[in-house]
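Here is a short report on selected helices, strands and loops. Please read it alongside the structure.

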Amino acid sequence: MNMLRWLLPALAVAACIAVAPAMNEYILYIATMAALMCILAVSYNVLLGFTGYLSLAHGFLYGVGAYAGAQLTTAGWSFWLALPVAGLVAAALGALVALAAFRTKGLYFAVLTLGIGLVGFQLFLVLEPLTGGVGGFVGIPSMPSLPGLEETPSLNALVITLPVLGATFYAAMAFQHSALGAACLAVREDVLLAQALGIRIGSARLAAFTFSAFFAGIAGALFAALSNFVGPDTFAVTATGFQVVVFVVVGGMGLLWGSVLGAVALTALPEVLRGAATFSVLVYGALLLAAVLFAPQGLGGLLLDGWRRWRPAAAPRLPQPVKAK
Amino acid sequence: MLRIESLRAGYDRLEVLHGVTLEVSGGASVVVLGSNGAGKSTLCRTLSGLIPARGGSIHFDGQDVTALTPAQRVRRGIVQVPEGRQVFPEMSVMENLRLGAWVHGEPEASALGEVFSIFPRLGERAAQHAGLLSGGEQQMLALGRAMMARPRLLLLDEPTQGLSPVAVEQVANAVHAIRAHGVSILLVEQNMALAEAVSEYAYVLETGRCATHGPAAEILSADVLAASYLGH
């Protein structure tokens with residue numbers, strides 16, 4: 001069972017890569033966007049799912065990674081080097097945000113990160129030399145071609161993005177099973193009790209936030225190289241900042257594969273309902289409501305429930321709904 | 001081992017402890033008695049570092065620990081079992097125990113064996129959700145989890161709250177077993193039965209001050225306590 005849990009993500013990535021050559025251009029693009037959103041959702045789940053803190057600044061950190069990646073690759077850096085460095089830039093900023101935000105308690109954390117998300121969006125508009133301002137950042141170099149994929153850039157992008165998603169997933173799993181991960185769960189359940197046990201709640205929360213910021217930055221740099229253009233609108237609180245919350249809540253807070261499920265379903269949905277893209281914020285909002293009201297443990301929770309009824313002995317334990325902090 | 005001098009502490013504008021002085025010598029078991037609002041839980045929380053001291057000092061093994069964080073105190077061996085619902089209900093018994101050893105990284109096998117020998121019930125239910133345990137078993141788990149931190153002084157904040165008389169007896173037995181491992185006890189209680197069963201020395205806390213102290217048998221005798229609980 002345990003072995004399987006560690007093998008499955010790699011198998012899933014391999015399977016997706018195996019079927020990728022059969023996809024047409026349009027499906028390839030959607031699949032790449034979905035994989036990218038999965039990276040974002042998994043990284044965000046480490047924060048919201050493991051610690052219970054609702055941050056609305058995740059879209060901003062995603063943007064920081066995107067602009068950092070855009071700057072570096074445009075300046076001639078190798079994509080492979082720019083990718084982790086963009087992650088580090090986002091992680092550094094994320095750590096600063098966390099240090100400020102965790103001084104607050106409860107609802108104020110969400111409000112403060114909302115403020116950071118809003119201010120960050122304005123900064124993207126104002127800091128024109130770095131971001132290109134309203135006009136956006138144009139002419140970002142594409143991802144480098146892998147051997148044999150020079151003729152098929154869309155396939156190339158998906159084949160690069162999927163292993164990055166796999167790596168993100170494994171990193172999140174490793175975090176979950178580390179001492180810091182255990183500390184995060186303890187903090188989520190009961191801050192005072194965690195403190196009484198000598199758990200350094202500050203480091204646990206900081207680690208979770210920085211971790212999630214790092215992978216948000218990576219996702220941003222991938223996005224920049226994928227679309228060759230980055231504009232501030234993508235990183236508004238009402239855009240990606242809100243989207244990730246929906247991905248994770250609909251997928252199942254604290255369930256890593258749940259957020260993959262949520263991100264894939266919700267990225268594909270607007271494409272399936274052609275024309276519904278205009279209403280996507282509305283649809284997302286409705287889904288968020290439905291999840292909170294009827295399935296607080298998300299799609300992942302529902303599936304686990306079904307699995308448990310079917311095979312009571314084999315089912316893993318369900319993570320519990322996250323209390324608002 | 002533990003020496004507290006003129007300790008003051010409180011919340012926001014409210015001061016609860018107005019200068020508490022008490023001492024626990026190595027290997028001893030001391031009880032702090034007091035009615036609701038006397039400052040018992042505040043005392044526990046100040047000792048474990050959950051709330052800061054506003055004045056006075058706390059010395060542990062001759063070293064000043066007044067300014068240390070809760071984590072640093074746990075590492076030195078001062079471990080609190082907080083009052084109220086004391087387990088992580090959504091985690092298994094084993095996960096709860098592991099968290100107790102968090103300050104030491106990986107839990108030591110010997111610590112786990114020790115806990116299971118004191119509380120065989122926890123061994124039987126290691127995989128179960130802590131929230132599904134009975135009240136008495138949850139208290140055992142809270143004590144066992146504290147033992148995982150390898151304490152030298154255990155702070156027990158009203159461990160019998162809401163427990164049946166049978167469970168209170170189990171807690172008393174557990175405290176004896178824990179003492180047998182060389183751990184000193186500072187118990188904060190309203191429950192006379194437990195205080196009587198496990199403590200040698202007693203302090204009476206009254207509105208944030210130590211009203212009186214002495215050998216437990218003496219303090220627990222009717223007149224001293226009546227004065228303190230029923231008013232003079």
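## Conventions

The bend at a residue is the angle between axes fitted to the seven residues ending there and the seven starting there. Helices (H or I, at least four residues) and strands (E, at least two) are DSSP runs, numbered from the N terminus.

This is a predicted model: local features need pLDDT of at least 70, side-chain atom pairs count only at pLDDT 80 or more, and totals for chains, interfaces and linings use all residues. Residues are numbered from 1 along each chain as its sequence is written, while chains are lettered from A and ligands numbered from 1 in the order in which they are written.

## Helix α2 of chain A

α2(A) bends by about 35° at Asn45(A). The helix covers residues 25-51, 27 residues in total. Its first and last C-alpha atoms are 39 Å apart, close to the expected 39 Å (1.5 Å times one less than the number of residues).

Gly52(A), just after the helix, takes a positive phi of about 85°.

## Helix pair in chain A

Helices α11(A) (residues 237-251) and α14(A) (residues 298-310) pack at about 10°, with axes 3 Å apart. Axes are lines fitted to C-alpha atoms, for helices over the stretch in contact, and angles run from 0 to 180 degrees between N-to-C directions. The angle therefore makes α11(A) roughly parallel to α14(A) (under 35 degrees).

Val249(A), Val250(A) and Gly251(A) of α11(A) meet Gly298(A), Leu299(A) and Gly300(A) of α14(A). Contact here requires C-beta atoms, placed from the backbone, within 7 Å.

## Sheet in chain B

Four strands of chain B form an open antiparallel sheet, ordered β2-β1-β4-β5. Its edges are β2 (14-24) and β5 (63-64), each pairing on one side only. Pairing needs at least two DSSP bridges between two strands.

β4(B) (residues 55-60) pairs with β5(B) in the antiparallel sense over two bridges. His59(B) stands opposite Asp64(B) in β5(B). Helix α1(B) (residues 40-48) lies across β1 (2-11), β2 and β4 of chain B, at about 70° to β2(B).

## Two loop aspartates

Asp12(B) sits in the loop between β1 and β2 of chain B. Its phi is positive, about 45°, although it is not a glycine. Asp12(B) has 5 C-beta neighbours inside 10 Å, so it counts as exposed.

Asp61(B) lies in the loop between β4 and β5 of chain B. Asp61(B), not a glycine, has a positive phi of about 55°. With 14 other C-beta atoms within 10 Å, Asp61(B) is partly exposed.

Terms used. Two residues are in contact if their C-beta atoms, placed from the backbone, lie within 7 Å. Angles under 35 degrees count as roughly parallel, over 145 as roughly antiparallel, 65 to 115 as roughly perpendicular and the rest as oblique. A residue is buried if 20 or more other C-beta atoms lie within 10 Å of its own, exposed if 12 or fewer, and partly exposed in between; C-beta atoms are placed from the backbone.
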